[in-house]
Amino acid sequence: MSNPRIDAGIRIYGEVPLTGHISLSSGIEEVKEINGMPCFKRAFLPKKPWTDPTPEEMKILQGTKDDKGEYQQFALLKLPAKLKDEFHALKLYDC
């Protein structure tokens, strides 16, 4: 069994399987600016490449509707197009 790149903690619950919807970065790095704009507080960006979680990592991430840990779960939602466009305009994908 391989060592997972993640630890147990926050779990993700989705009404559809997470497979194909989740990617893991290769870590994070602290940055002083994002797209030429200075960061006034500590900021971190994910490192490339992004990869699919292994089956073991998916078991760590996958939550169920019965998970009750407050502040330890979130749901995947589809963002409204307007909000999605505003995030895309930030060009965080190009960092």
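**View 1. Leu-83 sits in helix H2, residues 81-89.** Helices here are DSSP runs of H or I with at least four residues, strands are DSSP runs of E with at least two, and both are numbered from the N terminus. This is a predicted model, where local features need pLDDT of at least 70, side-chain atom pairs count only at pLDDT 80 or more, and totals for chains, interfaces and linings use all residues. Residues are numbered from 1 along each chain as its sequence is written, and side-chain values use heavy atoms, with hydrogens and water left out. As for the whole helix, zero of the nine residues of H2 are buried, so H2 lies largely in the open. Just after H2 comes Lys-91, with a positive phi of about 55°.

**View 2. The largest nonpolar core has eight residues.** They are Ile-6, Ile-12, Leu-18, Ile-22, Leu-24, Met-58, Ile-60 and Leu-61. Helix H1 (residues 55-61) gives the largest share of this core, three residues. To count as a nonpolar core, buried Ala, Val, Leu, Ile, Met, Phe, Trp, Tyr and Cys residues must be joined through side-chain atoms within 4.5 Å. In soluble globular proteins, nonpolar side chains tend to be buried together.

**View 3. Here is Leu-61 with the residues that it touches.** What does Leu-61 touch, leaving aside residues up to four places away in sequence? The list is Ile-6, Arg-11, Ile-12, Leu-18, Ile-22, Leu-24 and Pro-53, where contact means heavy atoms within 4.5 Å.

**View 4. Strands E2 (residues 28-34) and E3 (residues 37-46) pair up in the antiparallel sense.** Six bridges link E2 and E3; two strands pair if DSSP finds at least two bridges between them. Look for Glu-30, which stands opposite Phe-44 in E3. The hairpin of E2 and E3 has two residues between the strands. Asn-35 belongs to the loop between E2 and E3, and it has a positive phi of about 50° although it is not a glycine. With 39% relative accessibility, Asn-35 counts as partly exposed.

**View 5. Lys-48 and Pro-49 are joined by a cis peptide bond.** Omega is about 0° for this bond. Where is Pro-49? Pro-49 is in the loop between E3 and H1.

Terms used:
Buried means under 20% relative accessible area, exposed over 50%, partly exposed in between (1.4 Å probe, protein chains only).
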